[in-house]
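Please look through the model shown here. The report covers its aromatic rings, its sheet and its nonpolar cores.

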Amino acid sequence: MENKKKSKKRKIIEWSITGFFIALLVLVSGVKIYQKVSGNNAIFGSSYPVVLTDSMEDDYMVDDVLVVKSVDPSEVKERFDRGETVDISFYYNIGTPSNPYIAMMTHRIIDVMYFEDTSQNQGYYSKTIDGKTYSTNEWYEPDNHYAFVTHGINTKSNQGPGGTIIDLTGNIQITSEEDFIGLVTGKSGFLTFTQKVFSSVWTLILLILVPALYIIISTIVDLAKALDDNEEKAPSNNVLSELSEKDKERLKKEMLEEMMKAKKDGK
């Protein structure tokens, strides 16, 4: 079978598809690696955690990718003291003391405590803020100057026992500068879109089907063209077999005369 050069259009299509999937692979790998190393080891001073629960809805929805900037804890206190709405990300044990499970959490600050003498940073928290009393049996972390009191903002969260609806604004968490990751500066629209696209099962199916369909279709087209070419070439390869006996004798005689003439001229 004769190998034909691919058309310019075919080459453009193949290179476009190849380039597209290479770009997707690089993008997905880059995002995953970036998320893996984010946190206290954030790249370029920022980390990009994915929102996993509804505790901060409607400000931050599940699967949103946040931009968390690594800052000094003093900046958090300064912003809070100025009356700004301050959200932070921090490490928090959502397990038990005997069986800890440290997770990355993002909640809103309702109080910031600063201790010049770090030995004072220990005790239970109980305080009335805007007419509402917040208290917990959690201990402040010793040997830290700052303690951040936070809570979720969703008043209709489904994180109650058995998926019941609860108001998270009364559930507080206390974290210190030791577990503090950074200040939430907003959401990344691009990374949020990427996260949602690549966490979808339909994207996975599409990534498998598109190249598979292209290979199948291009193979069928190549086979069809090859069959057409063979049919077109068949008559030219069988010209002698289609000649009559009379035509064959005449052709033989003509060829013999040509050979005799060439021999005579050669003398």
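## Aromatic cluster

In this predicted model, Tyr 114, Tyr 146, Phe 148 and Phe 180 are linked into a cluster by ring pairs. The structure holds four aromatic pairs. One of them joins Tyr 114 and Tyr 146, with ring centres 4.9 Å apart. Their planes stand at 55°, so this pair counts as tilted. Tyr 114 sits in strand β4 and Tyr 146 in strand β7, so the pair ties together parts that are 32 residues apart in sequence.

How accessible are the two tyrosines? Tyr 114 has 37% relative accessibility and counts as partly exposed. Tyr 146, at 11%, counts as buried, because the cut-off is under 20%.

Phe 148 and Phe 180 also form a tilted pair. Their centres are 5.5 Å apart, with 45° between the planes. Phe 148 belongs to strand β7 and Phe 180 to strand β9, so this pair too ties together parts that are 32 residues apart in sequence. Both phenylalanines are buried.

## The sheet

Seven strands form an open sheet with antiparallel pairing. The order is β1-β2-β9-β3-β4-β7-β8. Which strands stand at the edges? They are β1 (46-47) and β8 (172-176). Each has a single partner strand, so one side of each is left without a neighbour in the sheet.

Ser 46 has Lys 69 as its bridge partner in β2. Helix α2 (residues 73-81) packs on the sheet. The helix touches β3, β4, β7 and β9, and its direction makes about 55° with that of β4.

## Nonpolar cores

In soluble globular proteins, nonpolar side chains tend to be buried together. Here, the largest nonpolar core has 13 residues. Val 76, Val 86, Ile 88, Ile 109, Phe 148 and Phe 180 touch the most other members. At least two residues of this core come from each of β3 (87-93), β4 (102-114), β7 (146-151) and β9 (180-187).

What does Ile 109 touch, leaving out residues up to four places away in sequence? Its contacts are Val 76, Phe 80, Val 86, Ile 88, Phe 148, Val 149 and Thr 150. Phe 148, one of these contacts, is also a member of the aromatic cluster.

Technical notes. Residues are numbered from 1 along each chain as its sequence is written. This is a predicted model: local features need pLDDT of at least 70, side-chain atom pairs count only at pLDDT 80 or more; totals for chains, interfaces and linings use all residues. Side-chain values use heavy atoms; hydrogens and water are left out. A nonpolar core is a set of buried Ala, Val, Leu, Ile, Met, Phe, Trp, Tyr and Cys residues joined through side-chain atoms within 4.5 Å. Buried means under 20% relative accessible area, exposed over 50%, partly exposed in between (1.4 Å probe, protein chains only). Helices (H or I, at least four residues) and strands (E, at least two) are DSSP runs, numbered from the N terminus. Contact means heavy atoms within 4.5 Å. Two strands pair if DSSP finds at least two bridges between them. Axes are lines fitted to C-alpha atoms, for helices over the stretch in contact, and angles run from 0 to 180 degrees between N-to-C directions. Rings of Phe, Tyr and Trp (its six-membered ring) pair if their centres lie within 6.5 Å; planes under 30 degrees apart count as stacked, over 60 as edge-to-face and the rest as tilted.
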